[in-house]
Amino acid sequence: MKRMLSGIKPSGQLTLGNYIGALKEFVKYQDEYEMYVFIANLHTLTVYQDPEILRKNLRDTVLLYLACGLDPKKTKIFMQSDIMEQAQLGFILSCNIYLGELNRMTQYKDKLSKGEEGMSSGFYVYPTLMAADILAYQPDYVPVGDDQKQHVELTRDVAVRFNNRYGETFKVPEPLIPKQGARIMSLSDPSKKMSKSDASDKGCIYLLDDPKAARKKVMSAVTDSINEINYDPKNQPGVANLLTIHSALSGTSIDALVEQFKGQGYGTLKKAVADEVEKLLVQLQTSYKELLDQNILTEVLAQGKASAQGIAHATLVEVQTKVGIEI
Ligand code: AMP
Ligand code: TRP
């Protein structure tokens, strides 16, 4: 069975973008692959987090993973900081990644061009830790949304470079980007990604949003004045986004939806999308509450750690031996 690994950075509440771009896919994959999913809690610290809020987000993230259908019997679910080997490998990899490569990371460049003040050095080097998160487990595939593709490419580059310098050590993983739903856009500004770091709350649906409030966000989604339902992300990004969300949640193809809604107003499409979103949130939140009552977090994470640590440890020992720091 091929191995797959991915992580989510819980620096806020999980969004509908996370669900469609990542979680929903993981659930599908867990039957076909040996699946490892971790909560990238160290990565959250690249930007200051209120400790109490962070703790709640971490717990909610694990519970929502489970509520979305990740089954701890099939998927190893663990906390990044529980596997210290990852951070140690991260330092060694950072010594094999050039400053020029980090300077080219778009997330860093974006912040730089916005003149963001107080960027931490942790934020700058975080792609090196991400490379270690991945390579420690020798996965075949890394499913991510397309915003993370560049980081997986850097991971591949450092794997190849390390293998050339020190001999075959790392498997070079492939990114897996979902064809549809890789980028769910903000409802209030469809030129931007739906993101938990969005300034306005209106464009982003959180998985723990009140379902009725989420409906309202969909109903007030920004569209255009063309008034015709087509799938045309370039000229009608708002409508394309609504169609993508509907298709991801209902399983109906975009072509079939365009056919179905042909000649109807945007209000009808929005209502149908709102129905799908409401249905999802009600279902997720019901299982979230049940899981909360069962108090199973610690056990799930301990199990995940037990399955993951051996692999990361073996990789780290091999790396340390190859680079010559083990005497
Ligand atoms: P993040 O929330 O940015 O840490 O991302 C966690 C995972 O969800 C990554 O695989 C992202 O690519 C994916 N993701 C985040 N936001 C979106 C979005 N708006 N559309 C699709 N996928 C997303
Ligand atoms: N950087 C990713 C994000 O912001 C989260 C992440 C950290 C990750 N380590 C990873 C994803 C390893 C895949 C594999 O979404």
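Colleague: Is Asp147 buried or exposed, or partly exposed?
Modeller: Asp147 counts as partly exposed, at 24% relative accessibility. Buried means under 20% relative accessible area, exposed over 50%, partly exposed in between, with a 1.4 Å probe and protein chains only. This is a predicted model, where local features need pLDDT of at least 70, side-chain atom pairs count only at pLDDT 80 or more, and totals for chains, interfaces and linings use all residues. Residues are numbered from 1 along each chain as its sequence is written, chains are lettered from A and ligands numbered from 1 in the order in which they are written, and side-chain values use heavy atoms, with hydrogens and water left out.

Colleague: Which side chain meets Asp147 in a salt bridge?
Modeller: That of Lys193, at 2.7 Å from N to O. A salt bridge is a side-chain nitrogen of Lys or Arg within 4 Å of a carboxyl oxygen of Asp or Glu. The pair links distant parts of the chain, 46 residues apart. Lys193 sits in the loop between strand E5 (174-176) and H9, and Asp147 in the loop between E4 and helix H8 (149-166). Helices (H or I, at least four residues) and strands (E, at least two) are DSSP runs, numbered from the N terminus. Lys193 is partly exposed too, at 32%.

Colleague: Why can side chains pair like that?
Modeller: Side chains of opposite charge can pair when their charged atoms come close.

Colleague: How many salt bridges does the structure hold?
Modeller: It holds 22. One joins Lys271 and Asp275, with the closest N and O atoms 3.8 Å apart. Both residues lie in helix H12 (residues 266-294), 4 residues apart, about one turn of the helix. Lys271 is partly exposed at 46%, and Asp275 is partly exposed at 34%.

Colleague: Which residues are in a network with them?
Modeller: Lys212, Arg215 and Glu278 are linked with Lys271 and Asp275 in a network of salt bridges.

Colleague: And Glu276, what does its side chain meet?
Modeller: The side chain of Lys279, in a salt bridge of 3.6 Å, N to O. They are 3 residues apart in helix H12, so about one helical turn separates them. Glu276 is buried at 14%, while Lys279 is exposed at 53%.

Colleague: What polar backbone atoms lie by the ligand's nitrogen atoms?
Modeller: One of Ile184 is 2.7 Å from a ligand nitrogen. One of Met194 is 2.9 Å from a ligand nitrogen. A polar contact is a pair of N or O atoms within 3.5 Å; within protein, one must be able to donate a hydrogen and the other to accept it, and residues adjacent in sequence count only if both atoms are side-chain atoms.

Colleague: Last one. How many disulfides are there?
Modeller: The structure holds 0. A disulfide is a pair of cysteine sulfur atoms within 2.5 Å.
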